[in-house]
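Here are a few friendly notes to read with the model open beside you. They start inside one chain and then move to the place where the chains meet.

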Protein chains: 2
Amino acid sequence: MPLPPKVRLVEVGPRDGLQNEKQPIDVAHKVALVDELTNSGLEYIEVGSFVSPKWVPQMAGSSEVFAGITRKPGVTYAALTPNMKGLDAAIAAGVKEVAVFAAASESFSQRNINCSIAESLERFVPMFETAQKHDIRVRGYVSCVLGCPYEGDIAAEQVAYVSRELYAMGCYEISLGDTIGVGTAGKTRRLLDIVGRDVPRDRLAGHFHDTYGQALANVYASLLEGITVFDASVAGLGGCPYAKGATGNVSTEDVLYLMQGLGIETGVNLERLVSAGQRISDVLGRQNGSNVARAILAASK
Amino acid sequence: MPLPPKVRLVEVGPRDGLQNEKQPIDVAHKVALVDELTNSGLEYIEVGSFVSPKWVPQMAGSSEVFAGITRKPGVTYAALTPNMKGLDAAIAAGVKEVAVFAAASESFSQRNINCSIAESLERFVPMFETAQKHDIRVRGYVSCVLGCPYEGDIAAEQVAYVSRELYAMGCYEISLGDTIGVGTAGKTRRLLDIVGRDVPRDRLAGHFHDTYGQALANVYASLLEGITVFDASVAGLGGCPYAKGATGNVSTEDVLYLMQGLGIETGVNLERLVSAGQRISDVLGRQNGSNVARAILAASK
């Protein structure tokens, strides 16, 4: 399969990233981050999550963030909405695109959201109805697609089942998440081959973690399988919640560098992206998690 | 092209790695490192370099290291020998395999070894004669194959020229080094396609740096092009001499994890390798540069 001429990068740093940083940051810093990401040319930014700040203090103030950001025409500003309450809050905040998540692992589903996979899917039914009424697009995340911290290996057929259910319910795109970063290139290709029989490949996105250093090899393997949408987190924000000190979300900078090298268009300016990533790393007082950003910033000293 | 059933990992940590660490370490620690690497199952270890300790203090004591290590039958213990003086010293130390290096970039050759590429190749002629007399195998490194810190892009045809010269002179294997880690998967494949017309692919090795996070994607791309030998450095020893704070040699642990995931045999035990890498990281007082090692060690806490 020839490489695609263009891919879409889904920036998940302000949500998936910041949610997994230890230290919550204030609304003004979040707004500044999203605005800088907008100015880098990204077409899709996941801005926040509508969850109880009791459970996820890092995501407090998402309504204010949505109110504060400068929206650029053509850019999607999305929110994660784990349940109906979250969806209602997102609608009240004027959000036009939301995301829901389900696990491909029963154990992970039970421990993470306290219900079975089937139950989690059922709970989404009224959410899809409400979203449709308000003309809101819904994106679906499937977690643990290449391994689970509790179960180990996850069958590709199980991932296909959850993916096709979400797709049938109304998700326009399914993001396949290697939540713990254990996947390698061959398994990634087999997974996409199997899930791609139930969901069109242009409706699938790759969401890789770099915990074992495999993320970019998996992105490249996905490109070879016809995938054209990739989630990534600026500066590698988020780390790995399952192994302290380990790497988490693949950094948007590293994915962008790969795409540039392959001659694949993204519309994103690397220099501006690196600048945004370093700024938020400074705010958090953490090392920049992007190899590309560290190399570029070190070379410019 | 189907993936190979087996690859050989060339461990360059004790030489390429330690040579680029700021702090020299003593002979006993080097011997312990090589012995632990032997016990991990590696078949090829580059033990040291025979250069003037005035220029490279990190490589002082290489003769003593060779005298101190426990040799396992079937394992190759190699030395880098930049010139005839180094080769004589290696022969005196009982070394049975050496490596020479040339650059694919004229500017890099001039600045790094103070002569043109052609001159550097000429200087090797008597070394090959001496090596042959002593039944010593010679491996060749070509640096800057996917980019040069001074010239930027390097033509694949230029890499092919240097590679075929070294091969014709008597190198049994040519290691293609992305010295500054700027290469991406598509360029890697094109390079191998072009160099592979002059040197058989089973005589080529990939030597990737992770400076821009691309190393494992390039390893995977190389596998797809039929390459079956990869250089790597335990714990990512070495860093990047051209950008302080940036990543350098790809870590052996990360490459091994990829191979295991792909079902490719290497004969190397990951647990022992991680243990060796963490031990030398502790000796050097540096963070372990392997994603896999950090993830495994974090999970075991």
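1. Which residues does F108(B) touch, not counting residues up to four places away in sequence? They are A103(B), I113(B), S143(B), C144(B), C148(B), P149(B), Y150(B), T179(B) and Y242(B), where contact means heavy atoms within 4.5 Å.

2. A word on the ground rules. This is a predicted model, in which local features need pLDDT of at least 70 and side-chain atom pairs count only at pLDDT 80 or more, while totals for chains, interfaces and linings use all residues. Side-chain values use heavy atoms, without hydrogens and water; residues are numbered from 1 along each chain as its sequence is written, and chains are lettered from A and ligands numbered from 1 in the order in which they are written.

3. Back to F108(B), which sits in helix α5 (residues 106-113) of chain B; helices here are DSSP runs of H or I with at least four residues, strands are runs of E with at least two, and both are numbered from the N terminus. F108(B) is buried, at 4% relative accessibility (buried is under 20% relative accessible area, exposed over 50%, partly exposed in between, with a 1.4 Å probe and protein chains only). C144(B) is 36 residues away along the chain, yet the two C-alpha atoms are separated by 7.9 Å.

4. In chain A, have a look at T179(A), in the loop between β6 (173-178) and α8 (185-195). T179(A) is buried too, with a relative accessible area of 14%. Beyond its neighbours within four places in sequence, T179(A) contacts F108(A), S143(A), C144(A), H209(A) and Y242(A).

5. Now the interface. Chain B puts 33 residues in contact with 33 residues of chain A. Together the chains bury about 2500 Å², 60% of it on carbon and sulfur atoms; buried area is the accessible area (1.4 Å probe) lost on putting two parts together, summed over both. On the chain B side, Y212(B), Y220(B) and Y257(B) lose the most area, together 23% of what that side buries.

6. How many salt bridges link chain B and chain A? The count is zero, taking a salt bridge as a side-chain nitrogen of Lys or Arg within 4 Å of a carboxyl oxygen of Asp or Glu.

7. Finally, symmetry. A rotation of 180° with 0.0 Å of shift along its axis superposes chain B on chain A (RMSD 0.0 Å), by least squares on the C-alpha atoms of residues with pLDDT of at least 70 in both. That is the relation of a two-fold axis. Of the chain B residues, A217(B) comes closest to the axis, at 1.9 Å (C-alpha).
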